Amino acid sequence: MNQSAITSGQTPLILIVEDEPEIAEILKAYLERHGLRTDRAPNGQSALDLHRTAKPDLVLLDVQLPILDGWQVLAEIRHRGDTPVIMLTALDQDLDKLMGLRIGADDYVVKPFNPAEVVARVMAVLRRSTLRKQATPRSVLRVGALEADLESHEALVHLDGQTHQLELTRTEFNLLVTMMGSPKKVFRREDLLEICLPEGDTLLRTVDSHVSKLRKKLELLGLENIPATVRGVGYRLGASHVSG
């Protein structure tokens with residue numbers, strides 16, 4: 001494991017939320033073999049308790065759990081903050097995957113899975129999380145008319161004496177705050193794909209689609225050409241009255 005590529009501090013702690021002991025033990029063995037620390041919760045309530053006390057760097061979260069199911073746990077984790085979450089489920093249906101990503105999951109693995117693939121997904125999400133934090137080190141970003149709170153996941157537009165809340169998907173929010181962290185920097189599509197997109201293996205043109213949707217939402221509130229396209233390179237926050 002390239003430790004520096006994941007975190008500059010203590011070895012990452014992975015919280016395994018799984019009610020089947022055999023699956024939990026297999027995941028534990030594979031993760032620890034790759035130098036990661038682990039903890040385990042057998043139900044949704046203990047998962048939330050451990051999330052609060054142990055402060056894991058990533059949560060592997062089964063959907064079908066006793067007491068509180070995975071969707072309820074995920075919603076509460078997102079209410080608390082931005083801990084990366086990978087969902088584990090036996091339900092191989094697009095609707096379930098979309099629900100998880102809409103609530104705020106970072107990735108999605110269907111059972112039965114190859115434990116080595118789960119480890120690879122964990123490492124990739126940890127790396128994305130670290131890159132995102134490096135790009136946006138402050139908890140509240142303010143750039144011109146834009147304001148974004150990383151803890152509450154709220155984005156606001158202050159324009160003409162009025163404040164409007166932006167209704168953004170998780171990916172759109174990540175794109176916005178990444179560019180707000182360095183408003184004059186031009187971000188390559190490859191960089192934005194690595195930092196912002198939770199869908200796993202996807203294409204560079206997916207970045208264009210998310211940026212287009214973000215731009216349209218900002219246009220509706222009076223901010224034009226944000227993010228701006230830098231032809232042949234990628235995107236930057238854009239207009240001078242926003243980026244200063």
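## A network of salt bridges

In this predicted model, Arg78, Asp82, Asp106 and Arg170 are joined in a network of salt bridges, a salt bridge being a side-chain nitrogen of Lys or Arg within 4 Å of a carboxyl oxygen of Asp or Glu. By this rule, the count comes to 13 salt bridges.

One of the links runs between aspartate 82 and arginine 170, whose closest N and O atoms are 3.1 Å apart. Aspartate 82 sits in the loop between helix 4 (70–80) and strand 4 (85–89), while arginine 170 belongs to helix 7 (residues 170–181), 88 residues apart; helices (H or I, at least four residues) and strands (E, at least two) are DSSP runs numbered from the N terminus. Aspartate 82 is partly exposed because its relative accessibility is 29%, whereas arginine 170, at 9%, is buried; buried means under 20% relative accessible area, exposed over 50%, and partly exposed in between (1.4 Å probe, protein chains only).

## Two further pairs

Glutamate 18 and lysine 111 form a salt bridge with an N to O distance of 2.9 Å. The pair links distant parts of the chain, 93 residues apart, and both glutamate 18 and lysine 111 are buried.

Lysine 217 and glutamate 172 also meet in a salt bridge, at 2.7 Å from N to O. Lysine 217 lies in helix 9 (residues 204–220) and glutamate 172 in helix 7, so this pair ties together parts that are 45 residues apart in sequence.

## Basis of the values

Residues are numbered from 1 along each chain as its sequence is written, and side-chain values use heavy atoms, leaving out hydrogens and water. Local features need pLDDT of at least 70, side-chain atom pairs count only at pLDDT 80 or more, and totals for chains, interfaces and linings use all residues.
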